[in-house]
Amino acid sequence: MNLFLIIWLAAVIAGLGLLIVLRPGRHISWLVIIALLTAFAAWVALPNNPGIHIDLNGDGAEDISRDIAIRQGLDLAGGLRVLLEADLPPDKPLPAGAMDEVRRIVEARIDALGALEPVVQRQGERRLIVELPGYSDPQSAVDLIRETAQLEFVEFGAAPLPPGTPIQTDLNPPAEGEETPSGPIYHTVMTGEVLQTADVDFDPQTGAPVVSFTLTEEGAKIFGDYTSAHVGDILGIVLDGVVISSPRIESAITEGRGIITGNFTLEEATQLATQLRYGALPVPLRVESTATVGPTLGQISVEQSIRAGIIGIIAVLLFMLIYYRIPGIAAALALIIFALINLAIYKLVPVTMTLPAITGFLISVGTAVDGNILIFERMKEELRRGKRLGAAVEAGFDRAWTSIRDSNLSTLIICAILYTFGTSFGAGAVRGFAVTLALGLVVNLFTAVTVTHTFLHFLMLPLREEVLAQRRWLLGLERGA
C-alpha cells in the first residue's frame with residue numbers, strides 16, 4: 001500500500017475518532033473533514049501520482065491496482081479519426097437496427113487497440129465516426145474495424161462456460177508456441193454462415209423470452225446430424241472468440257430450426273438474437289476519410305489551456321482578496337480546495353479531458369466565485385443595517401443559499417440537456433463541457449457554502465467586534481457604510 005494512503009487513512013480514523021469522543025462544535029468538525037478531504041484531493045491531483053496499489057492478502061500480488069492519471073481526448077493527446085459509411089446503394093434501405101449493431105461490434109473491436117478513450121458515434125442514418133485518442137496506426141485500425149465478425153457454434157461437452165469467456169477453437173488454431181485463453185482448443189461444429197434468421201420469441205409454457213433461429217439447408221443437415229448424436233451436451237455460441245451463450249441440446253434438431261433458452265430477460269434475448277443475426281457486420285462499411293491529429297497540436301492546446309486557467313484563477317483570487325478583504329481570504333481558500341477536488345474527481349472517475357471539458361471547468365470556477373459574492377453582499381447588507389457580525393454572517397449565508405441553490409440547479413438541468421444531445425455526432429464535444437461544468441456546480445455547493453462558512457468563522461474568531469467596527473474595510477466596507 002502507498003505510504004501516503006497509510007498516513008491518510010490513519011489521519012481519517014484519528015480525526016473521526018476525535019469528532020466522536022470530543023463532540024466539538026460544528027465548525028471544528030467541518031474543519032477536520034475539510035482538511036482530510038483536501039489532503040486526499042491534493043494527493044490525487046499530484047502530476048506524478050503513483051496510483052493505488054494494495055496487496056490485501058500479503059502474497060505479493062496486487063488485489064487492488066488502479067493508476068491515477070488524467071485522460072486526454074483526441075484534441076489534446078492526438079490520435080486517429082475515421083469516418084465510416086454503409087457500403088450500400090443510396091436507394092437501398094438499411095435493416096432496422098443494423099447501424100446500431102455495427103456501432104456495438106466496432107466498439108467491441110477497438111477496445112483491443114489500446115486507445116485511451118475510444119469514441120464511436122452515429123452520424124446520420126448511414127455513417128459512423130470513430131475517434132481513437134493516443135492511436136496513430138490508421139491501417140491496422142481500419143482493418144480491424146472493417147473485418148467480418150466470426151460466429152461459431154462450438155462443442156463444449158457437458159460443461160457450460162460463462163458468457164464473456166475467451167476461448168480458442170480449431171477453426172482458428174493458435175500459432176505454434178502460443179498459449180490459448182482458456183487452456184483447451186474447442187471444436188467448431190459450424191459457423192454463422194449457415195444461420196438464416198434469429199428472432200426473439202416466448203416460451204409458450206413459461207412465457208420467458210427465448211431466441212428462435214432457422215438455418216440454411218446446409219446448416220440444417222449439419223445441425224441435425226450433430227444434435228442427434230449429442231443430446232444433453234452443451235453447444236456453445238461464440239462471437240469473435242468470446243462465449244455469448246452456452247445452451248444445452250434438449251433434443252435432436254433436424255428440421256433446421258431451434259430455440260435457445262437461458263433464463264434471459266427480454267433485453268438479453270433481444271441482444272442475443274441481434275448478435276446471432278449480425279454475427280458478421282450487418283452491412284459492409286467503406287472508409288470515407290481518415291485524419292491523424294498530431295501530438296503537437298494537442299501539446300499546444302494543453303499549454304494554452306493550462307496558462308489560461310492559471311491566469312483566470314489568479315485574477316479571480318486577486319479580485320476576491322482586494323474587494324472583500326477577510327471574507328475574500330476565506331473565498332480564495334475555498335476556491336483552491338474547489339480546484340483540487342475537481343481535479344481529483346477528473347482523475348478518479350476518470351473524466352476525459354478535452355478543450356470543451358476544460359472550458360466547462362473554467363466556467364465552473366466563475367460560478368463558484370459567484371456564490372461567494374452573493375453571500376458576501378448579503379452579509380454586507382446586514383452589517384449596514386446594524387446587525388452584529390456573527391448574526392450578519394449567518395444571515396448572509398441563509399439568505400444567499402436559495403439563490404445559489406436555484407441558479408446551480410437551473411444550470412445543472414442545462415448540463416443534462418447538453419449531455420443528452422451530445423450522444424450524436426456533431427454535438428459530442430459538448431458532452432465533456434457538460435460533465436465538467438456539472439461536476440463543478442455540485443462541488444461548488446459544498447465549497448462556496450460549507451468550506452467558506454467554516455474558514456470565515458475561524459478567520460473572524462480572533463477579531464473582536466469592536467476592532468471590526470473601527471476597521472470596517474477589513475470586511476470590504478468603507479468607513480460609515
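Predicted model: local features only at pLDDT ≥ 70, side-chain atom pairs only at ≥ 80, totals over all residues.

Reader: Okay, and what do the side chains of Glu377 and Lys380 do?

Author: They meet in a salt bridge, with a distance of 3.6 Å from N to O.

Reader: Is Lys380 buried or exposed? And Glu377, what is its relative accessible area?

Author: Lys380 counts as buried, because its relative accessibility is 2% and the cut-off for buried is under 20%. Glu377, on the other hand, is partly exposed, with a relative accessible area of 25%.

Reader: How many salt bridges does a search of the whole structure find?

Author: The search finds 14 of them.

Reader: Which residue forms a salt bridge with Glu288?

Author: That is Arg127, and the closest N and O atoms of the pair are 3.5 Å apart. This pair also links distant parts of the chain, since Arg127 is in strand E6 (residues 127-133) and Glu288 is in strand E15, 161 residues away. Both ends count as partly exposed, Arg127 at 28% relative accessibility and Glu288 at 35%.

Reader: Which residues do salt bridges with shared partners join into one network?

Author: The network is made up of Glu85, Asp87, Arg127, Arg286 and Glu288.

Reader: Changing topic to helix packing: at what angle do the axes of H2 and H9 cross?

Author: The axes of H2 (residues 26-45) and H9 (residues 326-348) cross at roughly 55° and come within 8 Å of each other. That angle makes H2 oblique to H9, and the crossing is left-handed.

Reader: Which residues meet there?

Author: From H2 the contact takes in Ile34, Leu37, Thr38, Phe40, Ala41, Ala42, Val44 and Ala45, and from H9 it takes in Ile337, Leu340, Ile341, Leu343, Ala344, Lys347 and Leu348. Sorted by class, the contact has 13 nonpolar residues, 1 polar and 1 charged.

Reader: What about the phi of Arg325, and where is its place in the chain?

Author: Arg325 is in the loop between helix H8 (295-324) and H9, and its phi is near 60°, a positive value in a residue other than glycine. Most residues other than glycine have a negative phi. Arg325 counts as partly exposed, at 25% relative accessibility.

Reader: Last one, the overall picture: how many helices and strands does the protein chain have, and what share of its residues count as buried?

Author: The chain has 13 helices and 16 strands, and 42% of its 481 residues count as buried. Among contacts between residues at least 6 apart in sequence, 71% join residues that are at least 24 apart.

Terms used: Residues numbered from 1 in each chain as written. Heavy atoms only, no water. Axes fitted to C-alpha atoms, helices over the stretch in contact; angles between N-to-C directions. Helix = DSSP H or I, 4+ residues; strand = E, 2+ residues; numbered from the N terminus. Parallel < 35°, antiparallel > 145°, perpendicular 65-115°, else oblique. Left-handed = near helix turned anticlockwise from the far one by under 90°. Contact = heavy atoms within 4.5 Å. Nonpolar A, V, L, I, M, F, W, Y, C, P; charged D, E, K, R; others polar. Salt bridge = Lys/Arg side-chain N within 4 Å of Asp/Glu carboxyl O. Buried < 20%, exposed > 50% of the residue type's maximum accessible area, 1.4 Å probe, protein only.
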